[in-house]
Amino acid sequence: MSLTEAKALKPRRQLDLKALMQLSLVALLLVVWTALSLSTSTFATEGNITNLLRQTAIGGVLAIGQTFVIITAGIDLSVGSLVAVTGVSLALMVSHGVPLPLAILGALLIGMVAGMINAFAIHRMGLPPFIATLAMLSVARGSALLLTGGQSISMPTSGFTRFSTTSVWIVPSLFLVLLLVAAIGWVLLHRTRWGRYVFAYGSNKEAARLSGVNIGGVVFFVYGFSALCAAIGGILVVSRIGVGVPTAGTGYELDSIAASVIGGASLFGGEGGVFGTILGALLITTISNGANLLNVDPFWQQIITGLLIAVIVFLDQWRKRREG
Amino acid sequence: MLLELREIDKRFPGTHALKSINLAVEQGSVHAIVGENGAGKSTLIKILTGVYRRDSGQILFDGQAAELESPLQAQKLGIDAVHQEVVVCRSLSVAENLFLGIERSKAGLVNQRQMDAEAQAFLDDLGFNISARSPLSQLSVGQQQLVVCAKAVLRGTRLLILDEPTAFLSTQEAEQLEKLIRRLHVQGTTFVYISHRMEEIFNLSDTVTVLRDGAVVHSGPTAGVTRERLVSLMAGRDIEQFYHKEQMPRGGPLLSAAHLSGKGFDDVSFTVHQGEILGFFGLVGAGRSEVMMSIAGARPFSGELIKAGRKLNTSGVKAALRDGVALIPEDRRNQSLCLSQSIKFNLNLPTYDRDSRGGFVSDAEEQRSAQVQRDSLQIKTPSLEMPVRKLSGGNQQKVVIGKWLNHGADLFMFDEPTTGVDIPTKLEIYRLFSTLVKQNKAILLVSSYLPEVMAISDRLIIMRRGRVVGEVDPAVTSPEEILRLALG
């Protein structure tokens, strides 16, 4: 094929299938929302939409961090426990007189340290990400329980706890935090060279290494970012419920993985994105929100989420097989 | 006649791998097959073991037509192969490996004790000093090879194909393997033995066939040929007629390597000049790739590297890249390219460090430099956004070269750059070499294809078993002489 002939060929088929998958996610979301608006009188109300967005916020923040990790073909199982340990640390610091801004900083720092430990275990000690973060899951959860003696630690009511109830028009402040984290995440992932390195690592670690990419740097970057997102989530949880609870965040890691994967991230690495993850998170929350409004047995929600993951990943694999 | 191949033909996109091969293997013989890399040997083995299907021609096994549609079918007929790289389950024991798939079991429950005992008796009978219960990972590579052969024998293999089985073995281990082959030969097993090593061919085989460029150029009793004749049959006299090397004035020395030693090579020294192509020829295991990987900073080594009058800091890949050294590795798919990412991404990967301002990547800059490489290298693709895995082998190679040109290296190390690449693309790659050389860059070319490396290199270094055994001017040296040096 000559160069001119090649240029004339439209790359329609290959690129479109992938864009189609993302578009179909948006379409799916719109279809479900429309269906719910029509079948219930309560879905399309200001109150409910605000609720929906608020519920998506915390899971969404965690999912963004998880997406970075998944793109490197890794996994972070510790994010749920980190939500707890950073939350209780915040509550403990405040109740011991530490000024709020410092306490927030402290909680973020604790999250980052945990992320660095994860990265060290994976890059230096050679532990598989699954194992390293599984260990951290236990350690962090245990630490949260230890620090609090199993009790919840109250936060004094203040602007901080009121924050989670405020909203701008119908958009809750919590969701605005998600949008902020998403914007930063998007820029990092798609507009900086470190984001490029994350994709390179996930796509072919050896090729990345031989092209001069700092492999260790990438690992510390993604696990650090994921833990930071978990810390932000932990802080937001405390703002929402007004107490630091050592059992907070249980199961959050699985939802963050689900949102990332539904949004197009591949567990084999090299694929994923912030926008898709947000859609995934919205879809998951919509299912539980809609199920509530329709008086569907809440236990069905988990089944539906599970089936959704399987179907979407299957379609993605099928698309790849057809192309390749 | 145990095995007969009649007019076997096989094509791949861009290559005519086997050209109407006729081969006859007699029952009870040790039949050696020799030929250069790319001559068609591995394709032939894959057809015999059911991994590939032939395009046309007939296979007769024991006088009966054989279809060989899958490895399982081939094994059922009694055809099995032992490859260069040991294929075993490392975490299982010797006995478990031997009986894999044919376990002695009653109602689904395996009788491990019985299998251990049988395996041990079998191993002892063959004269091996191996315990049936040891995990395979504890054995040396040579011993693992022996186990693989034993496994074939246990299954009643009638035709055992050995593909350069001693390539990664020490001399003693190779001797042990030789003893086993003789023993099995006496017991009636037929062997097809692929090797580059003259000593082995003349020691073991009774018949020898020479493959060259996918065709049989000689087949007959080993006693009827001399070493020299075999070598000349393998080399052929058809050096690439269609490539004309331009004579370039040689510049000053660019890189001097002194006494490089590491895993797989010892005391390697050479100098390459600006505008020069220095070829590296040798067989599998000669150590050339290891030398290149070390210079590129990907492997530790001892010795000195001097570039542009400066002693190089050999601490890693990033340092090597900063010093202007680029490696285009042998295993293009696994070592050079992020297959799922776009062409644009791959072309820019080594430059992000240098070109991003404050960490931010400029889309426009990415697009521009990718476009430059695509145009100058003529990468055939409808779009730069296409994932690299969809490109042909030749175009993938261009992307690899393009990313290094983009980065601005001045020493290019190519490890087998034209394997799996069709002739028109090969020519383009040779033209790229010319372009690089005209820009005063230096090229180290590792190639196992003698006509190519002779036609392109200004000087040629021959390596054997990790050491430099010769440095010649290919314009005035015969291919036979070069092969002789490489084979030893």
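Author: Two strands pair if DSSP, whose runs of at least four residues of H or I are the helices and of at least two of E the strands, numbered from the N terminus, finds at least two bridges between them. This is a predicted model, in which local features need pLDDT of at least 70 and side-chain atom pairs count only at pLDDT 80 or more, while totals for chains, interfaces and linings use all residues. Residues are numbered from 1 along each chain as its sequence is written, with chains lettered from A and ligands numbered from 1 in the order in which they are written.

Reader: In what order do the six strands of the open sheet in chain B stand?
Author: The sheet has mixed pairing. Its edge strands, each pairing on one side only, are S6 (79–82) and S12 (215–221) of chain B. Read across the sheet, the order is S6-S9-S10-S3-S11-S12.

Reader: How many bridges join S6(B) to S9(B)?
Author: S6(B) and S9(B) run parallel. Within this pair, Val82(B) stands opposite Leu162(B) in S9(B). The number of bridges that join S6(B) to S9(B) is four.

Reader: Which residue in S10(B) does Asp163(B) stand opposite?
Author: S9(B) also pairs with S10(B), in the parallel sense and over five bridges. Asp163(B) belongs to S9(B). Opposite it in S10(B) stands Ile194(B).

Reader: Which strands does helix H5 of chain B touch?
Author: Helix H1 (residues 41–48) of chain B lies across S3, S6, S9, S10 and S11 of chain B. Helix H5 (residues 141–154) of chain B packs on the sheet too. The strands of chain B that H5 touches are S6 and S9.

Reader: Which residue in the hairpin of S13(B) and S14(B) takes a positive phi?
Author: Strand S13 (residues 253–262) and strand S14 (residues 265–273) of chain B pair in the antiparallel sense over six bridges. Gly262(B) stands opposite Phe265(B) in S14(B). Two residues lie between the strands, and the one with a positive phi, near 100°, is Gly264(B).

Reader: Which helix gives the most to the side of chain A that touches chain B?
Author: Residues are in contact if their C-beta atoms, placed from the backbone, lie within 7 Å, and 27 residues of chain A are in contact with 31 residues of chain B. Helices H1 (3–8), H2 (12–39), H9 (193–203) and H10 (205–210) of chain A each supply at least two residues of the side of chain A that touches chain B. With six residues, the helix that gives the most is H9(A).

Key: Contact = placed C-beta atoms within 7 Å. Axes fitted to C-alpha atoms, helices over the stretch in contact; angles between N-to-C directions. Buried ≥ 20, exposed ≤ 12 C-beta atoms within 10 Å, placed from the backbone.
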